[in-house]
Amino acid sequence: MAVAFRGGRGGVGSGQSTGLRSFFSYRIFISALFSFLFLATFSVVLNSSRHQPHQDHTLPSMGNAYMQRTFLALQSDPLKTRLDLIHKQAIDHLTLVNAYAAYARKLKLDASKQLKLFEDLAINFSDLQSKPGLKSAVSDNGNALEEDSFRQLEKEVKDKVKTARMMIVESKESYDTQLKIQKLKDTIFAVQEQLTKAKKNGAVASLISAKSVPKSLHCLAMRLVGERISNPEKYKDAPPDPAAEDPTLYHYAIFSDNVIAVSVVVRSVVMNAEEPWKHVFHVVTDRMNLAAMKVWFKMRPLDRGAHVEIKSVEDFKFLNSSYAPVLRQLESAKLQKFYFENQAENATKDSHNLKFKNPKYLSMLNHLRFYLPEMYPKLNKILFLDDDVVVQKDVTGLWKINLDGKVNGAVETCFGSFHRYGQYLNFSHPLIKENFNPSACAWAFGMNIFDLNAWRREKCTDQYHYWQNLNEDRTLWKLGTLPPGLITFYSKTKSLDKSWHVLGLGYNPGVSMDEIRNAGVIHYNGNMKPWLDIAMNQYKSLWTKYVDNEMEFVQMCNFGL
């Protein structure tokens with residue numbers, strides 16, 4: 001007989017309480033029934049013993065192997081007593097197995113195999129009860145009970161009981177709330193450990209993918225240098241362009257060692273400019289990529305009269321370790337040790353600070369932005385652009401914005417408690433705590449309009465040098481250019497409308513396409529740069545449409561665009 005629990009429609013709580021009440025009501029009913037049967041049997045036995053005459057029976061010493069037992073003799077048979085106990089044990093386990101099966105049905109557990117095992121076991125117990133030997137023995141019909149048959153029956157029942165107990169022990173945790181809660185806690189902890197490890201490994205892999213030079217970029221640079229070596233007369237340096245010092249034109253500063261990235265930035269500006277002949281691009285690269293950069297713009301001159309000036313860092317003679325503290329620090333053994341000693345081991349231990357191990361922080365190209373007034377002394381304003389941006393509209397309106405005497409025009413990035421000064425600077429240091437507000441809103445580097453005259457008036461480069469010297473031991477901020485930028489232009493930054501500069505295309509898949517379409521400049525800040533295989537596909541086409549695919553070396557180097 002099976003115990004069934006059926007939940008009503010009153011929700012999970014009412015269904016469970018109804019099932020439990022049904023289960024316990026059933027157990028009470030069964031207990032009462034067995035008690036009644038016991039009392040009735042006991043009464044019959046007493047009445048029989050009171051009215052039956054006493055007879056002396058002498059057991060024959062020889063004769064038949066079996067003998068007829070009287071009713072009293074049958075009651076005192078030890079095999080019969082053991083059989084009753086076994087029968088009761090089987091019935092109890094049948095009830096328990098049916099109860100677990102009912103729970104499994106009610107809770108709709110995924111362990112359908114477990115449910116089937118419970119049901120099969122219940123059927124086996126029922127089959128045992130229906131065996132002729134057991135039915136005749138339990139029915140008290142007075143028949144003799146063969147010991148061999150009994151032992152066979154006893155073994156079968158005990159095997160089934162053992163199986164039932166093992167199954168119940170194994171499945172107990174599915175029904176024991178405390179065990180289930182503890183198991184869930186253990187599982188959550190284990191998954192969190194795996195997630196933390198995966199994040200660390202992912203950060204390392206992402207950094208390697210993002211900062212390694214792709215084969216296509218290396219190929220392009222080599223092809224361009226090879227072209228220069230093969231045709232030296234064709235690529236002689238041209239005389240200086242007077243437009244490079246004309247303050248009435250629109251000037252851009254782009255500092256990079258990535259040829260294809262610089263070409264996309266410049267091309268996107270020119271294609272969206274209303275008067276491209278008024279736009280001048282100041283491209284600065286390192287000595288290794290100088291030839292490749294010059295050959296590119298010689299082979300693919302800018303359309304519609306735009307101007308480009310290409311220089312290397314070494315062309316600016318004032319930039320030396322005696323003037324620029326960052327150069328002195330970059331050359332120090334202490335900083336070299338920080339970058340290169342046990343880097344792989346430290347990366348797995350501290351994934352949060354892994355980005356500060358980026359080798360780009362060892363490049364002076366990353367710090368040139370703090371020397372714009374000295375690099376271009378005849379200019380009044382200049383638009384600084386990172387090499388991972390795309391310009392989608394005519395941006396000459398930026399030169400017409402009144403900065404109210406501020407040095408830097410930038411888009412603020414704070415929202416709620418995020419991207420505040422407290423996230424970038426060490427406010428446990430007394431110097432930082434005394435001079436800055438941790439709740440001040442941070443802004444983005446990557447598209448900044450600088451008033452160079454206000455810069456010179458406020459002596460911002462001197463401020464940068466002062467704080468950079470204090471941070472030689474990296475106690476004021478970690479490496480990077482944004483923290484010293486926040487310090488240098490603190491209270492000297494004008495907030496621009498957010499539509500001028502939309503960020504996050506290199507790490508955030510949730511940037512709105514409407515926001516992107518309305519943006520003047522989109523920025524692929526993050527590790528998923530658009531020229532890499534790990535770039536996000538939904539944003540990649542916004543960059544690739546400005547790649548000069550007709551350039552023969554781009555086709556030969558298989559950029560996969």
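**Salt bridges and a helix crossing**

Arg369 and Asp386 are both buried. They also pair up in a salt bridge, with 3.7 Å between the closest N and O atoms. Keep in mind that this is a predicted model.

**Salt bridges between loops**
- The Arg369–Asp386 pair links distant parts of the chain, 17 residues apart: Arg369 sits in the loop between helix H13 (343–349) and helix H14 (372–375), and Asp386 in the loop between strand S4 (381–385) and strand S5 (389–391).
- Asp388 and Lys529 join side chains in a salt bridge too, at 2.5 Å from N to O.
- Asp388 is in the loop between S4 and S5, while Lys529 is in the loop between strand S10 (521–523) and helix H20 (537–544), so this pair ties together parts 141 residues apart in sequence.
- Asp388 has a relative accessible area of 5%, so it counts as buried; Lys529, at 11%, is buried as well.

**Other salt bridges**
- Glu275 and Lys278 make a salt bridge at 3.3 Å, N to O.
- Glu275 is partly exposed at 31% relative accessibility, and Lys278 is partly exposed at 28%.
- Across the whole structure, the search turns up 11 salt bridges.

**Helices H8 and H10**
- H8 (residues 215–230) packs against H10 (residues 290–299) at about 75°, with the axes 8 Å apart, so the two helices are roughly perpendicular.
- Residues making the contact include Leu220, Leu224 and Arg228 of H8, and Val295, Trp296 and Met299 of H10.
- By type, the contact residues split into nine nonpolar, three charged and no polar.

Methods. Residues are numbered from 1 along each chain as its sequence is written. This is a predicted model: local features need pLDDT of at least 70, side-chain atom pairs count only at pLDDT 80 or more; totals for chains, interfaces and linings use all residues. Side-chain values use heavy atoms; hydrogens and water are left out. Axes are lines fitted to C-alpha atoms, for helices over the stretch in contact, and angles run from 0 to 180 degrees between N-to-C directions. Helices (H or I, at least four residues) and strands (E, at least two) are DSSP runs, numbered from the N terminus. Angles under 35 degrees count as roughly parallel, over 145 as roughly antiparallel, 65 to 115 as roughly perpendicular and the rest as oblique. Contact means heavy atoms within 4.5 Å. Ala, Val, Leu, Ile, Met, Phe, Trp, Tyr, Cys and Pro count as nonpolar, Asp, Glu, Lys and Arg as charged, and the others, Gly among them, as polar. A salt bridge is a side-chain nitrogen of Lys or Arg within 4 Å of a carboxyl oxygen of Asp or Glu. Buried means under 20% relative accessible area, exposed over 50%, partly exposed in between (1.4 Å probe, protein chains only).
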